[in-house]
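Trainee: I would like to go through this structure with you, one question at a time. Please show it first.

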Amino acid sequence: MVLAFFAYCSLVSIVAGFLTVALKNPVHCGIALLTLLLHVAGLFVLLNAEFLAMVQIIVYAGAILVLYLFVLMLLNLKTDERYLHSRFALILFAAVAICGELLLLIVGSPFGGLKGDAPTEVVLKDGASYAIGIKMFSDYLLQFEIIGVFLTGAIVGAIVLAKTPTSADIDNREG
Amino acid sequence: MVPLSAYVALSATLFATGLIGVLIRRNFIIVLMAVEIMLNAANINLVAFSHYLESMTGQIVALFVIAIAGGEAAVGLAIIIVVFRGKISTNVDEINLLKW
């Protein structure tokens with residue numbers, strides 16, 4: 001059952017990733033990306049990370065992807081006849097070769113290491129969000145604050161970049 | 001039980017797909033979407049190792065990655081709107097000047 005769910009989610013996410021890169025119409029690419037994000041959330045559920053799966057659906061599929069689709073429809077682009085890079089066959093060959101070698105290495109190598117302090121039973125007792133919250137607001141508090149400052153800076157920067165230039169701005173640029 | 005190497009192989013495949021997308025597409029917005037695919041591949045890796053090595057740190061880093069992806073999308077799309085307003089197309093190989 002677990003294996004079947006993993007096979008379904010991984011196959012659909014690989015196909016959706018391929019379609020995101022290969023489809024011609026940008027809106028179709030956005031829909032394919034949505035499929036990819038939802039199935040990655042399914043994989044997170046399989047890995048006992050329910051909180052992260054919900055964050056993935058709400059933040060990625062709900063906010064970021066809507067932002068992409070909003071900009072796509074705002075700009076109303078017409079698709080060019082030639083939508084791929086002029087030397088894309090060469091790039092594709094090199095990338096597929098590198099990916100194949102990577103996969104061979106990964107499948108053949110052993111994975112292991114020091115076990116941490118959160119085995120599955122302990123996490124499942126209080127839930128993943130409890131475990132993440134305790135860890136994030138004790139050991140990773142500084143990083144959390146840095147992310148807050150980063151997001152504030154990003155939002156302010158995005159608004160400053162995208163705001164409509166007033167006539168005074170245009171005069172300054174010309175003067 | 002799914003082996004850890006299956007997750008790592010899936011993540012490597014998705015990362016390669018995103019990398020190919022960044023390299024071969026001409027539309028700037030699709031390039032940003034391919035970057036999102038690469039960030040998702042990294043997230044799968046982090047969560048898989050967090051589960052198999054029994055540590056919460058991977059999931060917390062994955063949350064930070066999602067937050068940074070949100071900032072990247074906001075700033076990137078703002079840059080696209082500014083460039084498009086200057087009557088330039090959103091094809092990356094036509095955006096080749098820093099100042100004009």
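Trainee: At roughly what angle do the axes of helix H1 and helix H2 of chain B cross?

Mentor: This is a predicted model, in which local features need pLDDT of at least 70, side-chain atom pairs count only at pLDDT 80 or more, and totals for chains, interfaces and linings use all residues. Residues are numbered from 1 along each chain as its sequence is written, with chains lettered from A and ligands numbered from 1 in the order in which they are written. Helices (H or I, at least four residues) are DSSP runs numbered from the N terminus, and axes are lines fitted to C-alpha atoms over the stretch in contact, with angles from 0 to 180 degrees between N-to-C directions. H1(B), residues 4–24, and H2(B), residues 28–52, have axes that come within 8 Å and cross at roughly 165 degrees.

Trainee: Are H1(B) and H2(B) roughly parallel or roughly antiparallel?

Mentor: Angles under 35 degrees count as roughly parallel, over 145 as roughly antiparallel, 65 to 115 as roughly perpendicular and the rest as oblique. The crossing is at roughly 165 degrees. H1(B) and H2(B) are therefore roughly antiparallel.

Trainee: How many charged residues are in the contact of H1(B) with H2(B)?

Mentor: Two residues are in contact if their C-beta atoms, placed from the backbone, lie within 7 Å. Ala, Val, Leu, Ile, Met, Phe, Trp, Tyr, Cys and Pro count as nonpolar, Asp, Glu, Lys and Arg as charged, and the others, Gly among them, as polar. The contact includes B:Leu14 of H1(B) and B:Ala41 of H2(B). Its residues divide into 18 nonpolar, six polar and no charged.

Trainee: How are H3(A) and H3(B) directed relative to each other?

Mentor: H3(A), residues 50–75, packs with H3(B), residues 57–85, at an angle of about 5 degrees, the axes being 11 Å apart. Among the residues making the contact are A:Tyr60 and B:Gly70. The two helices are therefore roughly parallel.

Trainee: Which element gives the most to the side of chain B that touches chain A?

Mentor: In chain B, 59 residues are in contact with 69 residues of chain A. H1, H2 and H3 of chain B each give two or more residues to that side. The top contributor, with 21 residues, is H3(B).
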